[in-house]
Amino acid sequence: PHNSRLEYAIVSGNDGSAFRVSSSGAIYTNGSLDLEVKACYNLAIEVRDSGVPPLASRVAVSICLSSLNDHPPVFSPIAYSTSLYENASVGHSIIQVSAKDLDIGIDGQFTFSISLGNAENKFIIDPQSGWLILSNVLDRETTDSYQVKVTATDQGILKKNSSAEVNITVLDVNDNKPIFNPAAYAVSVSEDATNLDVVVVKCTDPDYGRNAQIDFAIESGNRNSSFKINSTSGVVTAVGNLDVETIN
């Protein structure tokens with residue numbers, strides 16, 4: 001009968017015109033939906049017959065979206081640089097990395113891990129806070145920098161992840177003394193030598209920068225001030241006042 005023809009309409013709750021209703025009362029989406037924009041829709045559906053006057057009734061329809069783990073965690077920034085002295089204590093907090101995940105629920109929860117660049121096991125990372133922590137002693141003379149890859153992995157069923165690089169420079173501490181090579185020298189010089197270069201002493205220091213700069217000086221045994229040494233080059237010069245009868 002004419003009065004039994006029904007017309008359906010969404011009368012409220014259809015934010016962004018996300019849904020439509022067919023002549024049979026079936027509800028369809030008008031396009032893709034984004035859980036991060038809106039998680040639930042509370043629709044009011046009205047149905048009218050074709051009588052005169054028409055009669056109508058309404059029903060509430062709640063539609064909630066489930067997550068598809070759309071997004072990986074994203075680091076900001078994607079590269080970090082820092083430095084610390086080689087005598088830093090084990091347990092020292094070096095730098096904190098951060099990331100965000102636009103998903104919700106477990107899909108938006110993530111943990112941090114070190115995925116590359118930690119072959120010497122010098123570092124650990126707090127999986128929750130993202131703090132990179134020194135876990136072993138450093139020696140700049142062995143390794144002066146590290147490139148550590150840090151990864152954030154979400155907890156979704158189909159896990160997603162992303163990574164950032166942390167560049168760590170190890171700063172020098174003056175922890176090595178200069179070393180002569182060889183440790184002893186023996187030379188012969190004529191007693192009448194004057195302003196004659198007689199030997200060059202060699203010395204190395206494995207430290208870096210100013211800590212590795214070497215100044216030479218004669219500490220003892222220079223009777224009558226017969227010799228001098230160049231403080232930079234290590235050249236020992238006989239300046240005179242040599243007498244084999246009085247000086248061995």
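Which residues form a disulfide, and how many Å apart are their sulfur atoms?

Modeller: A caution to begin with: this is a predicted model. Cys-40 and Cys-64 form the disulfide, with their sulfur atoms 2.1 Å apart. The count for the structure comes to one disulfide. Such a link is a covalent bond between the sulfur atoms of two cysteines. The bond of Cys-40 and Cys-64 is right-handed, with 110° about S-S. Cys-40 sits in strand 4, residues 40-48, and Cys-64 sits in strand 5, residues 56-64, so the pair ties together parts that are 24 residues apart in sequence.

Cys-40 is partly exposed, at 30% relative accessible area. Cys-64 counts as exposed, because its value is 53% and the exposed class begins over 50%. Another cysteine, Cys-203, counts as buried at 17%.

Stay on strand 4 for a moment. Ala-44 has its place there. Ala-44 is buried, with 15% relative accessibility. Leaving aside neighbours within four places in sequence, Ala-44 is in contact with Ala-9, Ile-10, Val-11, Ser-12 and Val-59. Gly-13 is 31 residues from Ala-44 in sequence, yet their C-alpha atoms are 6.4 Å apart.

Next, the nonpolar interior. In soluble globular proteins, nonpolar side chains tend to be buried together. Here the largest nonpolar core has 23 residues. Phe-75, Val-97, Phe-112, Phe-123, Val-150, Val-166 and Ile-168 have the most contacts inside that core. At least two core residues come from each of several strands, including strand 7 (79-85), strand 10 (110-116), strand 13 (145-154) and strand 14 (161-171). Apart from this core lies another, of 10 residues, among them Val-198, Val-199, Val-201 and Phe-216.

Take Phe-75 as one example from the largest core. Phe-75 lies in strand 6, residues 74-75. Its relative accessible area is 4%, so Phe-75 is buried. Beyond its neighbours within four places in sequence, Phe-75 is in contact with residues including Tyr-80, Val-97, Phe-112, Val-150 and Ala-164. Ala-164 is 89 residues from Phe-75 along the chain, and their C-alpha atoms are separated by 6.5 Å. Val-166 is another example from that core. With neighbours within four places left aside, the contacts of Val-166 include Tyr-80, Ile-95, Val-97, Leu-132 and Val-150.

Arg-140 lies in the loop between strand 12 and strand 13. Arg-140 is buried, with a relative accessible area of 10%. Not counting residues up to four places away in sequence, Arg-140 touches Glu-86, Val-170, Leu-171, Asp-172, Pro-206, Asp-207 and Tyr-208. Pro-206 is 66 residues from Arg-140 in sequence, with 9.4 Å between their C-alpha atoms.

Last, the open space. The largest pocket has a volume of about 640 Å³. Its lining has 23 residues, and Val-201, Ile-218, Ser-220, Ile-229 and Val-236 lie nearest the centre. Strand 16 (196-200) and strand 18 (227-229) are the elements that give two or more residues to this lining. By class, the lining has 17 nonpolar, four polar and two charged residues. Val-201 is named among the residues of the 10-residue core, and Val-201 also lies among those nearest the pocket centre.

How values were computed: Residues are numbered from 1 along each chain as its sequence is written. This is a predicted model: local features need pLDDT of at least 70, side-chain atom pairs count only at pLDDT 80 or more; totals for chains, interfaces and linings use all residues. Side-chain values use heavy atoms; hydrogens and water are left out. On a 1 Å grid over the protein atoms alone, a cavity is a set of points where a 1.4 Å probe fits but cannot get out, and a pocket is an open set with protein on both sides within 12 Å along at least five of seven lines; lining residues have an atom within 4 Å of a point. Grid points are joined across faces, edges and corners, and a volume is the space filled by probe spheres set on the points. Helices (H or I, at least four residues) and strands (E, at least two) are DSSP runs, numbered from the N terminus. Ala, Val, Leu, Ile, Met, Phe, Trp, Tyr, Cys and Pro count as nonpolar, Asp, Glu, Lys and Arg as charged, and the others, Gly among them, as polar. A nonpolar core is a set of buried Ala, Val, Leu, Ile, Met, Phe, Trp, Tyr and Cys residues joined through side-chain atoms within 4.5 Å. Buried means under 20% relative accessible area, exposed over 50%, partly exposed in between (1.4 Å probe, protein chains only). Contact means heavy atoms within 4.5 Å. A disulfide is a pair of cysteine sulfur atoms within 2.5 Å.
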